[in-house]
Amino acid sequence: ITGRMIVVGGMLLLSSWAVRVVGHGEPVALRQPFARFPQTLGEWRGEDFRFTERIENKLGVTDYLSKMYRRGSTAVHLYVGFYASQQHGAMLHSPKNCLPGNGWFIARRDTTTVSVAPYDPFTANSYTVRNGIDQQIVVYWYQQSGGRIVTNEYLGRVHLVVDALTKGRSDAALIRISVPFEDDAAAAERTALEFIQSAYPALAGFLPHDVASSVSSARSHP
């Protein structure tokens, strides 16, 4: 057993314990349900892309947004999973685990900079994934109470412990943008960042106010 595995295991146990001690945190509601999220974002036209009941139960989300947006022949999938409070069996699911579990091989792990005025620029994960002949760019990050943005799941657990103990809160959201591509991964990432320009401000009307309105400097690399 490596030292890193021991540390990671310890953080997972600590975060689960902390959330249980504070009663899973005081639930924090969305400003409005994701069912009202716009079907049109600038030049993008969306349609609902709901999961099966089995997957919804597995995710354990309070509410989620899943839409396929198109601009001409370009398609982008937007997923936001929101947890009003986290507890055992209903916690953020990491794409690092979910993607391979659904047959996607992670071919490249990197980060990218998201810059949407008037918000501060922040770092997000950018993965290239493959499943047979299918390829996607997946850009994702986590937003926690206070507007904190985190890319590292383990650091996110540390913040979860602190927030649960000091604020009695454990709410958080996973925001993930997926763009299929054939040959040009760099172009697909640019498409994802262009789409975020329209989607991120819209999310401000749905996520809890202090989560959506400010960005702190909790930036990290996986």
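Start by selecting R50 and Y64: the charged end of R50 sits over the ring of Y64, 4.0 Å from its centre. The rule here asks for NZ of Lys or CZ of Arg within 6 Å of the ring centre and within 35 degrees of the ring normal. Before moving on, note that this is a predicted model, where local features need pLDDT of at least 70, side-chain atom pairs count only at pLDDT 80 or more, and totals for chains, interfaces and linings use all residues. Residues are numbered from 1 along each chain as its sequence is written, and side-chain values use heavy atoms, with hydrogens and water left out.

**The cores**

Next, select F34, L78, W141, I177 and F195. These have the most contacts inside the largest nonpolar core, which has 36 residues. Such a core is a set of buried Ala, Val, Leu, Ile, Met, Phe, Trp, Tyr and Cys residues joined through side-chain atoms within 4.5 Å; buried means under 20% relative accessible area, with a 1.4 Å probe and protein chains only. Now colour the elements that give two or more residues to this core: β3 (63-71), β4 (74-83), β6, β7 (134-144), β9 (172-181) and α5 (185-203). Helices (H or I, at least four residues) and strands (E, at least two) are DSSP runs, numbered from the N terminus. The largest share of the core, seven residues, comes from α5. Another core, of 16 residues, lies apart from it and includes Y79, Y83, L99 and V129.

**Aromatic pairs**

Rings of Phe, Tyr and Trp (its six-membered ring) pair if their centres lie within 6.5 Å; planes under 30 degrees apart are stacked, over 60 edge-to-face, and the rest tilted. That rule gives 13 aromatic pairs. F51 is in the loop between β2 (44-48) and α2 (53-59), while Y79 is in strand β4, 28 residues apart. Y79 counts as buried, at 4% relative accessibility.

Then go to W141 and Y200, also a tilted pair: 6.1 Å centre to centre, 55° between the planes. W141 lies in strand β7 and Y200 in helix α5, so this pair ties together parts 59 residues apart in sequence. Both residues, W141 and Y200, are buried.

**Last stop**

Which peptide bond is cis? Select A117 and P118: the bond from A117 to P118 is the cis one, with omega near 5°. P118 lies in the loop between β5 (105-114) and β6 (122-131). For context, most peptide bonds are trans.

Notes
Buried means under 20% relative accessible area, exposed over 50%, partly exposed in between (1.4 Å probe, protein chains only).
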